[in-house]
Amino acid sequence: EEVAYSMLRTHRSYSNRQFTITVKGVQGRTLINPTVIFSGSGGAPVTVTAEEAEIERDLDAEGLRFTLRRGTATGPGLSYHFDHEQREVTLLSAAKTPSPSRMALRDLPADMVEQRLQLSVWRQQTATLAAHRMLSGEFAGLSDPNLTIRLVHLRGLESRIHRLNTEPWRRWAGGCSCFCFVMIGAPLAIRFRNAHFLWSFALCFLPMLVVYYPLLMATLDQCKSGRLPPFTVWAGNLLLLVWSWHLLRKVARY
């Protein structure tokens with residue numbers, strides 16, 4: 001609960017697989033005007049809005065308990081008001097989804113399918129909700145917390161899909177970079193075989209440090225955000241290969 005409270009105080013929102021929450025503010029342990037979307041059975045979400053709420057850890061049930069006061073709950077075939085309500089999620093389920101960088105390559109395709117399915121469902125539900133409010137003339141409802149929190153969750157799903165797409169390309173590019181380094185180092189070592197060791201090392205290492213790694217970080221960031229296609233992370237490797245080809249030609253002539 002401390003992680004959730006910290007994120008809510010700083011960013012006014014927090015999200016994981018089991019729930020997504022936005023708040024107007026945090027006073028001590030009390031959440032002001034929270035809107036929480038709980039993942040229901042079959043992927044059907046339940047949206048709960050309240051005047052105030054608290055989050056605490058239930059050690060006996062090994063979960064998180066939400067205590068909500070004076071609010072409404074809506075979902076597929078569900079709509080009611082309440083004065084006091086408690087909802088629980090297990091800590092195992094509430095934990096953040098593993099980062100793609102920590103997942104095995106064989107697990108990435110299955111997670112990709114799951115994320116795309118969730119994205120499709122959430123897009124349809126969000127579009128339906130927005131269309132309903134526009135057709136009924138409730139234009140003020142287009143900026144309510146329920147719709148805003150859905151858009152935040154959609155951006156989170158899209159971001160994870162971009163990261164899953166990029167991860168295999170990143171790993172193969174990182175592994176093959178060793179081969180590219182050798183292709184640079186070998187002709188330089190031949191050409192400067194009589195030079196001092198530190199000079200040869202600096203001649204090989206500094207260009208990679210100044211050019212290759214910044215290029216890798218820049219393209220990786222752009223690919224994870226979806227601005228560039230995933231194969232762009234190979235740009236640094238291709239640059240090294242072009243450079244090595246140029247060096248090999250010089251060595252052959254020498």
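A quick term before you click: buried means under 20% relative accessible area, exposed means over 50%, and partly exposed is in between, with a 1.4 Å probe and protein chains only. This is a predicted model, where local features need pLDDT of at least 70 and side-chain atom pairs count only at pLDDT 80 or more, while totals for chains, interfaces and linings use all residues. Residues are numbered from 1 along each chain as its sequence is written, and side-chain values use heavy atoms, with hydrogens and water left out.

**Stop 1: the whole chain**

Start with everything selected. Of the 254 residues, 35% count as buried. Along the sequence the order is α-β-β-β-β-β-β-β-β-α-α-α-α-α.

Now colour by pLDDT, the predictor's confidence in each residue, from 0 to 100. The chain averages 82, and 89% of the residues score at least 70. Which elements have the lowest and the highest mean pLDDT? Helix α2 (residues 91-94) is lowest at 50, and strand β4 (residues 30-32) is highest at 91. Where pLDDT is low, the predicted coordinates should not be read in detail.

**Stop 2: the nonpolar cores**

Select F19, I21, L31, I55, F66 and L68. These have the most contacts inside the largest nonpolar core, which has 21 residues. A core here is a set of buried Ala, Val, Leu, Ile, Met, Phe, Trp, Tyr and Cys residues joined through side-chain atoms within 4.5 Å. Elements giving two or more residues to this core include α1 (2-11), β2 (19-22) and β7 (63-75), while β6 gives the most, with 5 residues. For a second, separate core of 10 residues, pick I37, M103, L108 and L164, which are among its members.

**Stop 3: aromatic rings**

The whole structure holds 8 aromatic pairs. Rings of Phe, Tyr and Trp (its six-membered ring) pair if their centres lie within 6.5 Å; planes under 30 degrees apart are stacked, over 60 edge-to-face, and the rest tilted. Zoom in on F19 and F66: an edge-to-face pair, 4.9 Å centre to centre with 75 degrees between the planes. F19 sits in strand β2 and F66 in strand β7, 47 residues apart, and both are buried.

Next, jump to Y212 and Y213. Their ring centres are 5.0 Å apart and their planes at 80 degrees, so this pair is edge-to-face. Buried or partly exposed, which is Y213? Y213 is partly exposed because its relative accessible area is 36%, whereas Y212 is buried at 3%.

**Stop 4: α5 against α6**

From α5, P207, V211, Y212, L215 and T219 meet A235, G236, N237, L239, L240 and W243 in α6.

**Stop 5: Q115**

Finally, select Q115 in helix α3 (residues 108-135). Why does Q115 count as buried? Because its relative accessibility is 3%. Not counting residues up to four places away in sequence, Q115 touches R17, L157, R160, I161 and L164; contact means heavy atoms within 4.5 Å.

Definitions and conventions: Helix = DSSP H or I, 4+ residues; strand = E, 2+ residues; numbered from the N terminus.
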